[in-house]
Amino acid sequence: RGTVTAFSPFDARADAEALRKAMKGMGTDEETVLKILTSRNNAQRQEIASAFKTLFGRDLVDDLKSELTGKFETLMVSLMRPTYIFDAHALKHAIKGAGTNEKVLTEILASRTPEEVRHIKQVYLQEYEANLEDKITGETSGHFQRLLVVLLQANRDPDGRVDEGLVEQDAQVLFRAGELKWGTDEEKFITILGTRSVSHLRRVFDKYMTISGFQIEETIDRETSGDLEKLLLAVVKCIRSVPAYFAETLYYSMKGAGTDDDTLIRVMVSRSEIDLLDIRRELRKNFAKSLHQMIQKDTSGDYRKALLLLCGGDDE
């Protein structure tokens with residue numbers, strides 16, 4: 001359900017030559033660069049980079065960095081990162097230096113499948129010779145940290161048969177841990193939301209509504225706060241629908257004054273080969289907006305052209 005698929009007929013050498021020509025000498029032909037990089041999938045971009053090095057003895061990413069500027073440069077360089085390195089890199093930057101970007105930790109760890117999380121941890125270790133879990137625990141604390149650690153274990157139950165008895169039990173436990181309790185037993189929320197299977201949790205949310213008269217989101221909103229609240233809500237939204245979660249993320253990255261370009265780039269790049277078509281549909285359905293038109297209105301120049309190509313069309 002991605003907007004970017006394998007380009008055919010594909011010729012890595014021809015693409016590498018076209019890119020070299022576009023960046024050689026005075027001035028850069030940005031149009032050629034963005035057309036090639038947004039219309040090839042990630043695997044093909046890696047082949048182009050390797051052909052580029054073979055033919056010219058130069059690093060394509062280094063050339064992009066020296067020839068392009070600003071948000072357009074960030075977007076093109078992001079497209080050149082292999083998928084798991086892209087996520088690992090985003091996480092590394094979220095926990096580097098002063099202050100932690102909890103938003104990035106929340107978005108990536110709440111939305112990736114257990115298998116994807118395992119790959120990210122592996123790549124993080126290879127690329128940065130550091131353990132991702134250690135790095136994250138060093139920069140976070142409290143219940144927020146605990147839920148991140150649970151998600152990093154990537155041990156969510158596999159989707160299978162749903163045990164109705166356990167559904168009822170989990171819904172009751174959550175009700176007692178939140179609405180019925182003076183204070184909140186966050187641990188119960190962390191364990192259930194962090195480890196049960198997706199189809200099981202969807203049933204738990206329905207049952208919870210029946211028992212309590214509230215959506216689970218309303219309870220989380222009332223009973224928790226700060227980073228833990230945002231992470232729990234992100235997990236619930238991703239259990240319900242990952243595309244709907246990203247539609248909301250994109251909507252708020254462009255709504256109102258100013259644009260959160262880091263989020264916009266991160267989501268467009270990371271979902272372009274997975275479910276961007278579904279995300280576009282959800283955005284249209286839930287916010288009565290077209291992603292294409294929002295990008296059109298909120299961005300400009302080559303950056304806008306490239307984003308619109310990744311978006312892959314308008315939903316009238």
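1. Ground rules first. This is a predicted model, so local features need pLDDT of at least 70 and side-chain atom pairs count only at pLDDT 80 or more, while totals for chains, interfaces and linings use all residues. Numbering runs from 1 along each chain as its sequence is written, and side-chain values use heavy atoms, with hydrogens and water left out.

2. Cysteines. Searching the whole structure turns up zero disulfides (a disulfide being a pair of cysteine sulfur atoms within 2.5 Å). For Cys238, the nearest cysteine sulfur is that of Cys311, 20 Å away. Cys311 is likewise in no disulfide, with the sulfur of Cys238 as its nearest.

3. Cysteine burial. Cys238 counts as buried because its relative accessibility is 7%, and Cys311 does too, at 0%. The cut-offs: buried is under 20% relative accessible area, exposed is over 50%, and partly exposed is in between (1.4 Å probe, protein chains only).

4. Leu64. This residue sits in helix α4, residues 60-67; helices here are DSSP runs of H or I, at least four residues, and strands are runs of E, at least two, numbered from the N terminus. Leu64 is buried, at 0% relative accessibility. Leaving out residues up to four places away in sequence, Leu64 touches Met23, Val33, Leu37, Glu73, Met76, Val77 and Met80 (contact: heavy atoms within 4.5 Å).

5. Helix α7. Residues 102-111 form a mostly covered helix, with eight of its 10 residues buried. The buried ones are Val104, Leu105, Thr106, Glu107, Ile108, Leu109, Ala110 and Ser111.
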